[in-house]
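Here are some exercises to work through with the model open beside you. Try each task before reading its solution.

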Amino acid sequence: MRSILFVLIFMTTSVVGFSQGKNISSTNKKVSFTLLNRTMKDIPLKIPGYMNPNLSPMSNSGVTVSVGQKVYFRFKGKKRLLFVADESLEGKKLIVNKLISERKKEILKE
């Protein structure tokens, strides 16, 4: 009986640990915000351990992620950091196409 209980506890802990393993955040604090696409093209994003949203043209997508979560986009065939979620994003509406445009300019200056 003890061994079965130990195995169940171990498996539960392992699954929880695995599901949180890709979470880059060192805190469990969550932040909610809205991603807006104001263009007529899809915008693919990558949020490791969360989802890979494809923002449809002229769309709004609400997300809730852990503080510290990184959000990426692709530029010139490479995954590039768009932003890191922090508490200042709570309740904000982020115009993703503008953020990407600004980030591309920064990357080209590097």
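**Exercise 1. Find which residues have the most contacts inside the largest nonpolar core, and which elements supply it.**

Step 1. The largest nonpolar core holds 21 residues, and those with the most contacts inside it are Phe33, Leu35, Leu45, Leu82, Phe83 and Val96. A nonpolar core here is a set of buried Ala, Val, Leu, Ile, Met, Phe, Trp, Tyr and Cys residues joined through side-chain atoms within 4.5 Å.

Step 2. Two or more residues of this core come from each of strand E1 (30-37), strand E4 (59-66), strand E5 (70-75), strand E6 (78-84) and helix H2 (96-109). Helices (H or I, at least four residues) and strands (E, at least two) are DSSP runs, numbered from the N terminus.

Step 3. Now take Leu35: beyond its neighbours within four places in sequence, Leu35 is in contact with Leu45, Leu55, Ser59, Asn60, Ser61, Val63, Phe83, Leu94 and Val96. Contact means heavy atoms within 4.5 Å.

A word on the source: this is a predicted model, with local features needing pLDDT of at least 70 and side-chain atom pairs counting only at pLDDT 80 or more, while totals for chains, interfaces and linings use all residues. Residues are numbered from 1 along each chain as its sequence is written, and side-chain values use heavy atoms, with hydrogens and water left out.

**Exercise 2. Work out the strand order of the open sheet of 3 strands, and which strands are at its edges.**

Step 1. The order is E4-E1-E7, with mixed pairing. Two strands pair if DSSP finds at least two bridges between them.

Step 2. E4 and strand E7 (93-95) are the edge strands, as each pairs on one side only.

Step 3. Neighbouring strands in this sheet are turned by 30° against each other on average, with direction ignored. Axes are lines fitted to C-alpha atoms, for helices over the stretch in contact, and angles run from 0 to 180 degrees between N-to-C directions.

Step 4. E1 and E4 run antiparallel and are joined by 8 bridges; Asn37 stands opposite Ser59 in E4.

Step 5. H2 packs on the sheet, where it touches E1 and E7, and its direction makes about 50° with that of E7.

**Exercise 3. Is Ser66 buried or exposed, and what does its side chain contact?**

Step 1. Locate Ser66 in strand E4.

Step 2. Ser66 has 4% relative accessibility, so it counts as buried.

Step 3. Its side chain makes a polar contact with the side chain of Lys30 (3.2 Å). A polar contact is a pair of N or O atoms within 3.5 Å; within protein, one must be able to donate a hydrogen and the other to accept it, and residues adjacent in sequence count only if both atoms are side-chain atoms.

**Exercise 4. Why is the pair of Phe33 and Phe83 edge-to-face?**

Step 1. The whole structure contains 2 aromatic pairs. Rings of Phe, Tyr and Trp (its six-membered ring) pair if their centres lie within 6.5 Å; planes under 30 degrees apart count as stacked, over 60 as edge-to-face and the rest as tilted.

Step 2. The ring centres of Phe33 and Phe83 are 5.8 Å apart and the planes stand at 70°, so this pair is edge-to-face.

Step 3. The pair links distant parts of the chain, with Phe33 in strand E1 and Phe83 in strand E6, 50 residues apart.

Step 4. Phe33 is buried at 4% relative accessibility, and Phe83 is buried at 13%.

**Exercise 5. Examine the hairpin of E5 and E6: which residue in its turn has a positive phi?**

Step 1. E5 and E6 run antiparallel, with 6 bridges between them, and Phe75 stands opposite Lys78 in E6.

Step 2. The hairpin has 2 residues between its strands, and Lys76 in the turn has a positive phi of about 55°. Most residues other than glycine have a negative phi.

Step 3. Lys76 is exposed, at 63% relative accessibility.

Definitions and conventions
Buried means under 20% relative accessible area, exposed over 50%, partly exposed in between (1.4 Å probe, protein chains only).
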